[in-house]
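Trainee: I would like to learn how to read a protein model. Can you take me through it feature by feature?

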Amino acid sequence: MALAKFREHQDKSGEALQLGNIANALSDLKDYKKSLEYNQRALSIYEELGEPVGISRNLNNIGVLYESTGDMALALQCHFKSLQISRDKHYPSGELLSLGNIGELYLKLSEQQEPYKTDSLIPASKSACLHLALQYLKQSIDMGKNSGDASFYVTDLKCYADALHANGD
């Protein structure tokens, strides 16, 4: 197993990468609890090594997992932390991914039929969530135009169009 080889060679960065790969596979299998454990182990290693790209990437992955389990507040906390790290360390791909994740999450909140838990990151008003979705998705789209990474751009453009439609524009 690759994970054992990285550990044997004391390659912490490789170990963290493999833990993240295992976490992604577990997430695909809908084993969110175990995926979260592997992502958190990978995140700890990246933090220990001071690798901002790995930290940002794993925070986004953890945010997506929290979103999958319905914990929107923790999901947003992870995405905002990733966004800040990405901006501080000049990691545009991480910034782009975080902006899109935040915008998409706010869009989902604005569309929810059942009441949701509000906090400092989640406004009580669905229209406020929609406004935030538009704001973050627009930032992502503007940044994506210049990035050359069409995958983020296309996904965020579709979410932005959905948000505009929901807003009556």
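Mentor: Start with a charge over a ring: NZ of Lys or CZ of Arg must be within 6 Å of the ring centre and within 35 degrees of the ring normal. Here R41 lies over the face of Y38, at 4.8 Å from the ring centre.

Trainee: What should I know about the model itself?

Mentor: It is a predicted model, where local features need pLDDT of at least 70 and side-chain atom pairs count only at pLDDT 80 or more, while totals for chains, interfaces and linings use all residues. Residues are numbered from 1 along each chain as its sequence is written, and side-chain values use heavy atoms, with hydrogens and water left out.

Trainee: How many helices and strands are in the chain?

Mentor: Helices (H or I, at least four residues) and strands (E, at least two) are DSSP runs, numbered from the N terminus. The chain has eight helices and zero strands.

Trainee: How do I check the span of a helix?

Mentor: The expected span is 1.5 Å times one less than its number of residues. Take helix α4 (residues 52–68): its 17 residues should span 24 Å, and its end C-alpha atoms are 24 Å apart, which agrees. For α7, 22 residues should span 32 Å; the end C-alpha atoms are 31 Å apart, which agrees.

Trainee: Which residues are buried in α4?

Mentor: Buried means under 20% relative accessible area, exposed over 50%, partly exposed in between (1.4 Å probe, protein chains only). In α4 the buried residues include I55, L59, I62 and Y66. Their cover includes α2 (12–28), α3 (32–49), α5 and α6. Cover is read from contacts, meaning heavy atoms within 4.5 Å. In α7, L130, L134 and L137 are among the buried residues. Over the chain, 42% of the 169 residues count as buried.

Trainee: How do I read a pair of aromatic rings?

Mentor: An aromatic pair is described by the distance of the centres and the angle of the planes. Rings of Phe, Tyr and Trp (its six-membered ring) pair if their centres lie within 6.5 Å; planes under 30 degrees apart count as stacked, over 60 as edge-to-face and the rest as tilted. This structure holds two such pairs. F80 and Y136 are edge-to-face, at 5.6 Å centre to centre and 80° between the planes. F80 lies in helix α5 (residues 72–88) and Y136 in helix α7 (residues 126–147), so the pair ties together parts that are 56 residues apart in sequence.

Trainee: What about the rings of Y106 and Y136?

Mentor: Their centres are 6.2 Å apart and their planes at 25°, so the pair is stacked. Y106 lies in helix α6 (residues 92–111) and Y136 in helix α7, so this pair ties together parts that are 30 residues apart in sequence. Both Y106 and Y136 are buried. F80, Y106 and Y136 form one aromatic cluster.

Trainee: How do I read phi?

Mentor: Most residues other than glycine have a negative phi. K30 is not a glycine, yet its phi is positive, about 65°. K30 sits in the loop between α2 and α3. K30 counts as exposed, at 59% relative accessibility. H90 also is not a glycine and has a positive phi of about 55°. H90 is in the loop between α5 and α6, and is exposed, with a relative accessible area of 70%.

Trainee: Which glycine follows α4?

Mentor: G70 does, with a positive phi near 90°. Just after α7, G148 takes a positive phi of about 80°.
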